[in-house]
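Thank you all for coming.

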Amino acid sequence: MTTEAANTDKIIKRIAVLTSGGDAPGMNAAVRSVVRTAITEGIEVFGVDRGYKGLINKDFHKMTMNSVSDIINSGGTVLFTARSKEFETEEGMQKAIENMRELGIEALVVIGGDGSYRGANDLVKRGFPCVCLPGTIDNDISSTDYTIGFDTALNTAIDMIDRIRDSAQSHDRCFVVEVMGRRAGYLALRTAIGAGATDVLVPERIENIEASIESVCEKIRDGVAIGKNHFIIIVAEGVSKMYEGGADRIAKVIESKTGVETRADILGYSQRGGRPTGQDRVNATRMGYYAAKLLSNGVVNRVVSMDNDVVIDIDIEKAIQAKKPFEADLFDMVKQVSV
Ligand code: F6P
């Protein structure tokens, strides 16, 4: 635990926990760990259904050691999740705080992505203590190496592309596969490595989209020249969004420029579901445990993060302002290793 952490002057006796933003496999393991650790530390825990929306609608329910049984292995979130426009208003935030105070809740644990972190920081700025855990398949939170759900989504995407490869091989085709990640390319990049893709397009490395597509085509032509007849190209969702017509149009352009029959496949929401991997279960449990221990020590307004496999905590404001570096070394590696 870092020393500069803000300390509440009283012992925290009652907390609430919510999940927010896109669901991510491992969120349940994190909820389980927060609830069980907090209860054994003598803290009462309330679950909030549907994220910040639930704070406004008073969707609170008391959690017990048993209420989180048999959830470690399931994807999604038993606390449900939502994206709340109302919470973004001053009135919505004040209502959320009022409802928590009415129930005697002294701190809130938020499990979610960067939007959820900003929501928690808004509460902190209005005097309500929070601790955040990174839960998103995008792995785009700057303060942490790892986010809960990323490993499962990565494995799911790779598994689906292995299947697509069978079809690409059988038909002598190229597939343009769109991978999630909102504006970030972390999931797409690692998927490209794990699936052995020919090339990858990520938003962090696009200056001129037409030029980037031409460079993919060049790679395909080079492959054809050495006898390759099927190709997998990974396109991050963020790139699809910056190109009108998205992955479908990219596929058409590649086909017309290379002469290789090309199809698009958008992996979509199936990437977000399913049983969490061992890594997501273990790390979610470690981070949930750490968050509850922070609260038990009266430490608030922190985000729990992973730094080289060590769980740490960082000031929420600093965490939000930090910029996550792009994994340029991995990008260069894909370019060199893939044909
Ligand atoms: O943040 C997780 C994520 O799945 C992104 O990869 C994607 O862009 C977004 O959520 C989709 O959001 P929604 O569930 O609101 O459609």
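What you see is a predicted model, in which local features need pLDDT of at least 70 and side-chain atom pairs count only at pLDDT 80 or more, while totals for chains, interfaces and linings use all residues. Residues are numbered from 1 along each chain as its sequence is written, and side-chain values use heavy atoms, with hydrogens and water left out.

Ser170 lies in helix α5; helices here are DSSP runs of H or I with at least four residues, strands are runs of E with at least two, and both are numbered from the N terminus. Ser170 has a relative accessible area of 62% and is therefore exposed, given that exposed means over 50%, buried under 20% and partly exposed in between, with a 1.4 Å probe and protein chains only. The C-alpha atoms of Ser170 and His230, which are 60 residues apart along the chain, are separated by 8.5 Å.

Let me turn to the overall layout. The protein chain is divided into domain 1 (6-137 + 278-307) and domain 2 (153-270 + 328-337), with bounds that come from an automatic or database domain assignment. Taken over C-alpha atoms, the centres of domain 1 and domain 2 are 36 Å apart.

Now to the interior, where a nonpolar core is a set of buried Ala, Val, Leu, Ile, Met, Phe, Trp, Tyr and Cys residues joined through side-chain atoms within 4.5 Å. The largest nonpolar core has 86 residues, and within it Ile15 and Ile234 touch the most other members. Helix α5 (residues 150-171) supplies the largest share of this core, 9 residues. Because domain 1 and domain 2 both give residues to this core, it lies between them. Another core, of 27 residues, lies apart from it and has Leu108, Leu123, Cys130 and Ile141 among its members. As for Ile15, its contacts (heavy atoms within 4.5 Å) include Val34, Ala38, Phe46, Ile105 and Leu295, when residues up to four places away in sequence are not counted.

Which residues surround the ligand? They are Arg83, Thr136, Asp138, Met180, Gly181, Arg182, Glu237, Tyr269 and Arg272, where a residue is taken as near if one of its heavy atoms lies within 4 Å. An N or O atom in the side chain of Arg83 is 2.8 Å from an oxygen atom of the ligand. For Asp138, a polar side-chain atom lies 2.7 Å from a ligand oxygen, and for Glu237 an N or O atom of the side chain is 2.7 Å from an oxygen atom of the ligand. On its own the ligand has 400 Å² of accessible area, of which the protein covers 79%; accessible areas come from the Shrake-Rupley method with a 1.4 Å probe, and for residues only the protein chains shown count as cover.

I would also like to look at two buried polar residues. Thr37, in helix α1 (residues 27-40), counts as buried because its relative accessibility is 8%, and a polar atom of its side chain lies 2.6 Å from the backbone oxygen of Ser33. Beyond its neighbours within four places in sequence, Thr37 is in contact with Tyr289, Ala292 and Lys293.

Lys324, in the loop between α11 (316-321) and α12 (328-337), is at 14% relative accessibility and so counts as buried. The side chain of Lys324 reaches the backbone oxygen of Asn139 at 2.9 Å, and one of its polar atoms lies 3.2 Å from the backbone oxygen of Ile141. Lys324 and Asn139 are 185 residues apart along the chain, with their C-alpha atoms separated by 9.7 Å.

Finally, a word on backbone angles. Most residues other than glycine have a negative phi. Arg50, in the loop between β3 (44-48) and α2 (51-56), has a positive phi of about 65°, and Asp309, in the loop between β12 (302-307) and β13 (310-315), has a positive phi near 70°.

Methods: A polar contact is a pair of N or O atoms within 3.5 Å; within protein, one must be able to donate a hydrogen and the other to accept it, and residues adjacent in sequence count only if both atoms are side-chain atoms.
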